[in-house]
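I opened my notebook to record what I looked up in this structure.

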Amino acid sequence: MLLRQLEYLVALARERHFARAAAACFVSQPSLSAAIRRLEHELDVPIVRRGRRYEGLTPEGEVVLAWAHRILAERDALRQELSALRGGLTGTLRLGVVPTALPAASLLTTPFCERHTRARVSLESLSSAQITQGLAEFELDAAMTYLDDDELRQVRRFPLYEERYVLLTPLDGPLATAATARWAQAAGLPLCLLSPRMRNRRIIDECFAADGARAAPAIESDTVAGLYAQLPGGRWSSVISHAWLHMFGVPEGMRVVPLEGPAHGPRVGIVVARHEPESVLAQALLTVAREAGVRDALDSLLKEHLAEGSS
């Protein structure tokens with residue numbers, strides 16, 4: 001069998017549509033279909049359940065797909081290891097990142113690219129479930145996510161930082177001059193927060209509840225950028241993770257106020273699947289992460305913004 005046939009099968013399982021899979025592989029649909037039929041003939045098993053359209057894989061096809069992921073990952077690992085021996089890593093580091101960690105991702109990707117100038121990074125904003133699936137199916141080399149996620153299994157964890165939550169509020173707001181604020185006080189402000197389907201929002205709601213309050217935001221966004229876009233103008237306040245300050249800073253006309261409560265939120269870190277072969281690029285990322293000092297960088301940035309707000 002040819003590796004190309006396995007690539008076509010992986011694309012078909014991912015896209016769940018013959019035409020989209022063919023487009024993803026830059027071939028015609030008849031070519032992709034013929035290659036998968038040849039694979040079925042060579043292995044002497046039905047792989048695809050066919051009807052008027054793609055209907056999924058047969059039980060035998062699921063087994064073949066699992067092996068396809070593994071074989072293609074071994075090919076990629078071989079290429080990466082050989083490239084390292086030839087004088088430097090090449091290839092693309094496939095990094096999945098939960099949306100609320102994206103603002104801090106450059107603290108890793110920039111030094112990674114500076115150290116490995118011949119390598120590239122493909123950064124994807126993914127949910128926790130998508131990250132779990134991507135790692136299991138060799139679609140991701142590593143991920144930046146919440147380390148206490150119950151869905152994560154068979155992974156190596158490397159902590160980067162703990163989320164610290166602060167209040168962003170207008171300079172003329174009722175809490176702007178406060179040294180600290182309680183979660184219950186923040187709940188009474190006109191709020192803009194992430195939507196409830198976001199993990200970060202559910203964590204924040206738990207913090208409000210622990211102080212006997214419930215947030216009722218007037219505006220909800222499913223992205224951090226969308227949330228920040230609502231803040232200029234002096235109308236809305238928000239509760240944010242301190243890591244977001246790295247990318248977005250403090251909007252003009254607003255101040256950061258510490259929230260009383262637990263000193264640390266959930267841990268965010270790098271996860272790598274525990275399977276063979278190990279991704280050489282993922283190991284290189286972990287080496288960079290050990291030296292990057294992400295926690296200290298974000299804590300220092302928060303201290304600077306708090307000092308500016310109190311001056």
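**Entry 1: the core.** Which residues have the most contacts inside the largest nonpolar core? I noted first that I am working with a predicted model. The largest nonpolar core has 76 residues. Met-144, Tyr-161, Leu-167, Phe-208, Tyr-228, Val-239 and Ile-270 have the most contacts inside it. I then looked up which element gives the most to this core, and found helix H11 (residues 280–292), with seven residues.

**Entry 2: Phe-208.** I picked Phe-208 from the list and looked up what it touches. Leaving out residues up to four places away in sequence, Phe-208 touches Trp-183, Ala-186, Ala-187, Leu-191, Leu-193, Ala-213, Ala-215 and Val-239.

**Entry 3: helix H8.** Phe-208 is one of the buried residues of H8.

Next I checked the length. H8 covers residues 199–210, which is 12 residues. Its first and last C-alpha atoms are 17 Å apart, close to the expected 16 Å.

What do the buried residues of H8 pack against? I found strands E5 (142–146), E7 (165–170), E8 (192–194), E9 (219–221) and E10 (238–241), and also helix H7 (183–187). After H8 comes Gly-212, with a positive phi near 75°.

**Entry 4: cysteines.** How many disulfides does the structure hold? I found zero. The nearest cysteine sulfur to that of Cys-192 belongs to Cys-207, 18 Å away. A disulfide needs the two sulfur atoms within 2.5 Å, so Cys-192 is in no disulfide. Cys-207 is in no disulfide either. I also looked up burial. Cys-192 is buried, with a relative accessible area of 0%. Cys-207 is buried too, at 17%.

**Entry 5: positive phi.** I looked for positive phi in residues other than glycine. Arg-16 has a phi of about 55°. Arg-16 sits in the loop between helix H1 (3–15) and helix H2 (18–25). Phe-26 has a phi near 60°, and lies in the loop between H2 and helix H3 (29–43). Is Phe-26 buried or exposed? Phe-26 counts as exposed, because its relative accessibility is 77%.

Technical notes:
Residues numbered from 1 in each chain as written. Predicted model: local features only at pLDDT ≥ 70, side-chain atom pairs only at ≥ 80, totals over all residues. Heavy atoms only, no water. Helix = DSSP H or I, 4+ residues; strand = E, 2+ residues; numbered from the N terminus. Buried < 20%, exposed > 50% of the residue type's maximum accessible area, 1.4 Å probe, protein only. Expected span 1.5 Å × (residues − 1). Contact = heavy atoms within 4.5 Å. Core = buried A, V, L, I, M, F, W, Y, C linked by side-chain atoms within 4.5 Å.
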